[in-house]
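Welcome! Take a moment to look over the sequence and the model below, and then walk through the main points with this briefing.

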Amino acid sequence: MSLTRTPAAVEAVAAAPPREAGRLRRFVRGEAAFGYLLMAPVLIYLGLLLFYPLLLSIWFSLTDASTGQPFASWVGLKNFTDLWSNETFRLALRNSFIFTFGSEIGKAILGTALGFLLLRRFRGKRVLRALLVLPWTVPVALTTLGWLLLYDPTFSMLNRTTGAIGFPYHPNWLGEPVPAMIAIMVANIWRGFPFSAIILIAGMTSIPADILESAALDGAGFLRRFHYVIVPMIAPILFVGLLFDLVFSFTDLSVVYLLTKGGPENTTHILPELAYQNGIQGGDLAQGAAISLFMLPVFVIACVIMLRILRRREI
Amino acid sequence: MASDALDVSTQATAREAAPWLSRGRKDSIVTWLGMIFFLVIALFPIVVMAITSFKQGSDIIDVQTPPLWFHRLPTFSHYVYLFEQTKFLTWAWNTIVISFFTVVITLILAVPAAYALARLHFPNAENFGIGIFLTYLVPPALLFLPLTIILSRYVNLIDTKWALVVVYPTFTTPFCVWLLMGFFKTIPVEVEEAARVDGCSRLQAILRVVLPLSVPGLLTVAIFAFTLGMQEYIYALTFISNSLEKPVTIGVTSDLIRGDEYFWGELMAGALLAGIPVAILYNFFLDHFVEGISQGAIK
Amino acid sequence: MADGPAENPVAAATPPERAGCVGPIGSAGAVSGAAECDEASGAVFGRRLLLKGLGAGLATAGLAPLLAACSSSNNAKVTKAPVGAAPAGGTPAISVSKGASLSILMWNHFVPAFDQYFDKYARDWGSANGVNVRVDHVDIAQLPGRLAAEAAAGKGHDLFAFAAQIQTRRYETRLVDMTPLMEPLIKQYGDVIPIGKATSLINGVWRGVPHFNVLIAPLIRRDLLKENGLSTPQSWDDILKIGRTMKPKSHATGMAISHCNDANHNWRAVMWSFGASIVHEDGKTLALDTQEMKDFLTWAKQFQAEANSDEVYAWQDVSDNQYLGSGQGVFIHDAISSLRSLQQPNPTLYNNIDILAPLKGPKVQITMPDPQVFAIWNFTPKANVEAATSFLWTYMNNWKANFIASTGYNMPMFANQLQKPMPVLSEDPKYQILQDYQGSLLQTYGYPGPQNPPAEDVLAQYILPDMIAKVRGGGTVDDALKFGHDQIAPIYAKNYKSSLTPAPNVTAVPK
């Protein structure tokens, strides 16, 4: 959709009385000012409450700040190089990727399936939808406590229930590295898949109905329709939703903090949670800031790529 | 409606694939199987939480009894404790207030910015857009200490719920700007042009034409901002220690976890009471939003 | 404002900076000037008390009317009787400025009744003295974060209590000197036990007022021992033997080895009992390569294989409580809350569990409790500092009622208060043994060195439990030691350079 004025409209306005024409010229010139005016609130707000704290954090990471002495002496990139040679940190970095992208795949699969299901018509859909949205709407800190109860080694509610129906796999969920990773990912996927479903529904309902009908009438099977018609049309929404969700998962420390606190043996640390543990509870502010800052480059790159793709796809 | 079209198209497929199975029944079976599957997944932890909230304390810690049913009689005592011995209602009210104002501020910030980025041409528009989105990548775990300094020294809002109202839009706004940009772009320029030709100023055109058409978008933004605000953990944890100002997530987890004592029954009760009303509210708006979108979609 | 006779030799000799009220932010940072350090608060406090002490004699100095010699225009004195028991020396109440306010930050006590008692006590004190009091509670794990935020902002609660992670050393320059309050308390209630000094007496200055210890004790199933013909254990080796017998019978011991508080405590107790430690007495030289450490880790390997439950690697602080409460655990090492919480739901089990004295190791008998220490930020407004100190004075003198309200949890830190028979504990045979938790049996992390920031960092990162976990199964002691070195050495290398000068020997009595 073109963002410039159509020739007809311009002529119409130009043909209007001189006062209107003058106003038009003023509009054109004033557009930039108006634009800045509209952007001002959000820019000021983010500048004060995000940009300034960010600068402060970057400063912390370049010094040997501690919670006792936040403004300490310069050490340059030493915190970063130290981190890189630290085994726990490298593990946390690896885990952050596994946790985020693994959860994302799970959420995408479940969310897509659920989304398509919810697009059908059937009785009781409203009620069921309210129930299905519960994992997302009950605050994460509280549902994670529920998962704690399920994974608890003594109560083993999950194991006992799955055992009752004959499921053979009964690990000590939070006590072994691999099950623990699966456990936190499951909790994260569970929490997030309703949101993915909603994104999909939003995307799907924005597709004009006749396009879908004509594709169906043309004899295209479901999968072909999905690939060639649906996906390209909902791609922008999916991308944005995906990126949002990725960033959200990558930077969220609640699930890990409440379930494993990085254990067992540091195998489930993720970057934000490690930053909090070392930076705040351990008091090494500089290290906490440095760990957190490691999260930025990855997403800056991903974001720029996404933005380029989105820009090109615009019809 | 697009969803109808989808039904039609899948039904067409079904008829091709298995003509002997009536298309209605096959669809129903698939739908219901799918629904059951997802209901089990989504609700299993919730059901466990619900049952735990009604179990007697001794039942909860008893490993011999089945987890999904009661051994001793169910009890309301945990809910009673929640309402009588903790400040649960205050926390719930705080959460509502915080989320409400977060939504308001987010809209105030995001709507103008999204409009500007979607419609107007001015230098650096693209860079601002990218910049706003990039701010989303800055994690709260990095910012909360400097933010505490700001909230304590410069505005003295620490330990009140207004601290959260001020800070939450930092992570709701970037995404909402993007959402709204998308919505504004689906509104054709001609509509606005027409309004201006009719004599409206630009601002009036926005208020009278654009905003009403983007109500679904605004609602979506409101829902997201509301939910994100409710979910937030670390800022609420750090900024507020006054029990009267805590939102429900922090209140429940901090007052009902004392040292190494977990008051499981009350915790689960609090969790459900906090989450279920929101789910109902969410569901209501979701309906509205989806229908609005499909009606507002313009070819 | 008149501060007293200018020529008073004591006042003149007391430098205004004595209270340790240094500029809040070391070097010129981006946020300068915004945090006013009320330099006067600590100094005035000190000087006034010395003046008073000079006059009345140190025996009952206390904090008798601070402003006897001078008065400020805004000091409408409200002197009322103190709430609760009167101080033993009959010292009259301290006057506080009307309109002063007092905000207190405490943890969530696992005895909710104690929090209610404390809150009520504080409010009643406030009403009696015309002070607006507010008490806030946070979860123990959130305290460090909360306090870090307050310190960074230069604004926060007037009075707070460190719990478990006592950061008096980390914030040394940000805390008011409590010596004038401590000295009369010591005179009255005896010397502070070593752990109290280790946590509160920094470089010869009292930066905190030791409130209490939460004891971590061995809890054992007497009935299971009897059934299996096992005798009451006295050492960690005995526990190993018990576990060896009981683990095959699904009653393994329950020592957490995970990222939780319990793991930090329990394993430090064991480690020290072997004569091993993370650092030497100087608080900065690593002691990981000693033979004692190797013996300890070897023992830990055996313990995990033969005696300890295999579920412990996921445990949270609540897990060992649950493990005991489920009837499975034959032994856990935990605060007595885990026992008390069974009293209602499961009286039979409750009756079958005994509390033991600290377990002995090959070298020493020792355990690590969780201390709680009051402190005041030095950027607190003067009037509030007075209110806080006044409150503390009254409260600390009310120790008996406080202790009873805590149902015997809050073990005092002053020698005379620990004399037998103690209230509550002496009355119940099950808890009598806790009266033996005395003196140098109780040590804090960092031992045998001071409780400094690097030690705290090691604690917060759960490095010791991780080392223990490393020796299980196929892991070797060398693996664990290498891991320990890799994780701990950088912490001490970095932190120690910029942290404060090492403290003198912590058991020395301050002059």
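## Where chains A and C meet

The contact between these chains takes 34 residues from chain A and 34 residues from chain C; two residues are in contact if their C-beta atoms, placed from the backbone, lie within 7 Å. This is a predicted model, in which local features need pLDDT of at least 70, side-chain atom pairs count only at pLDDT 80 or more, and totals for chains, interfaces and linings use all residues. Residues are numbered from 1 along each chain as its sequence is written, while chains are lettered from A and ligands numbered from 1 in the order in which they are written.

**The chain A side of this contact**

- Helix H4 (87–119) and helix H13 (271–281) of chain A are the elements that give two or more residues to the side touching chain C. Helices (H or I, at least four residues) and strands (E, at least two) are DSSP runs, numbered from the N terminus.
- H13(A) provides the largest share of that side, with four residues.
- By class, the side of chain A that touches chain C has ten nonpolar, 18 polar and six charged residues. Here Ala, Val, Leu, Ile, Met, Phe, Trp, Tyr, Cys and Pro count as nonpolar, Asp, Glu, Lys and Arg as charged, and the others, Gly among them, as polar.

- Look for C:Gln461 in the loop between helix H16 (453–460) and helix H17 (463–470) of chain C.
- Leaving aside neighbours within four places in sequence, C:Gln461 is in contact with A:Gln277, A:Asn278 and A:Gly282.
- Is C:Gln461 buried or exposed? C:Gln461 is buried because 24 other C-beta atoms lie within 10 Å; the cut-offs are 20 or more for buried, 12 or fewer for exposed, and partly exposed in between, with C-beta atoms placed from the backbone.

**Another contact: chains A and B**

- Chain A gives 94 residues to this contact and chain B gives 99.
- On the side of chain A that touches chain B, the largest share is 18 residues, from helix H2 (residues 18–61) of chain A.
- That side has 71 nonpolar, 14 polar and nine charged residues.

**A sheet in chain C**

- An open sheet of five strands in chain C has the order S4-S3-S5-S12-S8, with mixed pairing. Two strands pair if DSSP finds at least two bridges between them.
- Strand S4 (132–138) and strand S8 (209–214) of chain C are the edge strands, each pairing on one side only.
- Strand S3 (residues 101–107) of chain C pairs with S4(C) in the parallel sense over seven bridges, and C:Trp107 stands opposite C:Val138 in S4(C).
- Helix H3 (residues 112–129) of chain C lies across S3 and S4 of chain C, at about 160° to S4(C). Axes are lines fitted to C-alpha atoms, for helices over the stretch in contact, and angles run from 0 to 180 degrees between N-to-C directions.

**Chain C as a whole, and confidence**

- Chain C has 18 helices and twelve strands, and buried residues make up 59% of its 511 residues.
- Its mean pLDDT is 78, and 78% of its residues reach 70 or more; pLDDT is the predictor's confidence in each residue, from 0 to 100.
- In residues 1–93 of chain C, pLDDT stays under 50, and over residues 497–511 of chain C it is below 50.
- Where pLDDT is low, the predicted coordinates should not be read in detail.
- For the complex, the predictor gives an ipTM of 0.77 and a pTM of 0.75.
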